Amino acid sequence: MIYPENLEILIEFLSEVPGISERAAERAVLQLSKLPQERRRIVVNALKELEELKPCKECGLPSKEELCYVCTDPERDRKTVLVVEQPRDAVSIEKLGEYKGLYHVLGGVISPLEDISPEDLNIENLFKRIRKRSIEKVIIAVNPTVEGEATAKFLTDRLTKLGVKVYRIGYGIPYGGTIDSSDELTLRKALEDMKLISGGE
Ligand SMILES: [Zn+2]
């Protein structure tokens with residue numbers, strides 16, 4: 001072992017993140033260790049906050065409080081919910097600064113191959129929210145993959161029965177592409193081109 005044990009653990013965890021190799025993780029940790037003490041303290045405090053993060057009770061976005069900053073923002077359009085697979089998708093959309101409704105994080109997509117069924121995802125909660133909060137418009141923004149399309153279909157069928165308008169984005173994103181890897185222009189276009197797929201008069 002070259003590094004102190006906890007640093008080895010940190011490198012190991014970081015290298016488990018998709019897209020980060022062990023060498024990149026090692027470089028990142030070494031780089032942080034070279035920071036002046038004051039800045040290192042900021043990093044340590046930020047990491048400590050990770051411990052307090054939990055999914056928002058309403059939408060599933062990571063939050064320190066019971067409800068996240070989106071759910072508690074009085075300026076938001078509370079009749080519209082945009083459904084994403086993962087929090088990072090919501091972050092990508094949020095960065096555009098155009099969407100003003102609420103979010104709902106599924107935590108993945110339905111995948112029979114990987115044995116992921118609707119019950120394994122944050123789906124029932126979405127239907128509950130719609131009934132309880134009188135949501136009128138749901139925008140499905142799962143990734144355009146085989147599993148994503150199957151999930152969108154499942155959601156649309158159920159949402160139609162709940163009497164809400166269902167929209168779908170993703171027409172700007174190439175098939176198999178993902179929201180969080182799309183550039184800003186593509187994502188902006190995908191949002192602009194959202195299409196009503198069910199519930200319209
Ligand atoms: Zn929330």
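Guide: Residues 24 or more positions apart account for 56% of those contacts in the protein that have a separation of 6 or more, a contact being heavy atoms within 4.5 Å. The model is predicted, so local features need pLDDT of at least 70 and side-chain atom pairs count only at pLDDT 80 or more, while totals for chains, interfaces and linings use all residues. Residues are numbered from 1 along each chain as its sequence is written, and side-chain values use heavy atoms, with hydrogens and water left out.

The protein has 7 helices and 7 strands; these are DSSP runs numbered from the N terminus, with helices (H or I) of at least four residues and strands (E) of at least two. Their order from the N terminus is α-α-α-β-β-β-α-β-α-β-α-β-α-β. Of the 201 residues, 37% count as buried, meaning under 20% relative accessible area, with exposed over 50% and partly exposed in between (1.4 Å probe, protein chains only).

The largest nonpolar core here has 43 residues, and Leu82, Ile93, Leu155 and Leu159 have the most contacts inside it. Such a core is a set of buried Ala, Val, Leu, Ile, Met, Phe, Trp, Tyr and Cys residues joined through side-chain atoms within 4.5 Å. At least two of its residues come from each of strand S3 (77-84), helix H4 (87-96), strand S4 (101-105), helix H5 (124-133), strand S5 (137-140), helix H6 (146-161), strand S6 (165-168) and helix H7 (184-192). S3 supplies the largest share, 4 residues.

Leaving aside residues up to four places away in sequence, Leu159 touches Phe127, Ile130, Val138, Ile140, Val164 and Val166.

Cys56 counts as buried because its relative accessibility is 4%, and Cys59 is buried because its value is 1%. The count of disulfides is 0, where a disulfide is a pair of cysteine sulfur atoms within 2.5 Å.

Leu47, within helix H3 (residues 37-52), counts as partly exposed because its relative accessibility is 43%. With Leu50 and Leu53, Leu47 makes a nonpolar surface patch of about 280 Å².

Conventions. Patch = residues over 30% accessible without salt bridge, like charges linked within 9 Å, V, L, I, M, F, W, Y side chains within 5 Å. Areas by Shrake-Rupley, 256 points an atom, 1.4 Å probe, with all protein chains shown as cover. Salt bridge = Lys/Arg side-chain N within 4 Å of Asp/Glu carboxyl O.
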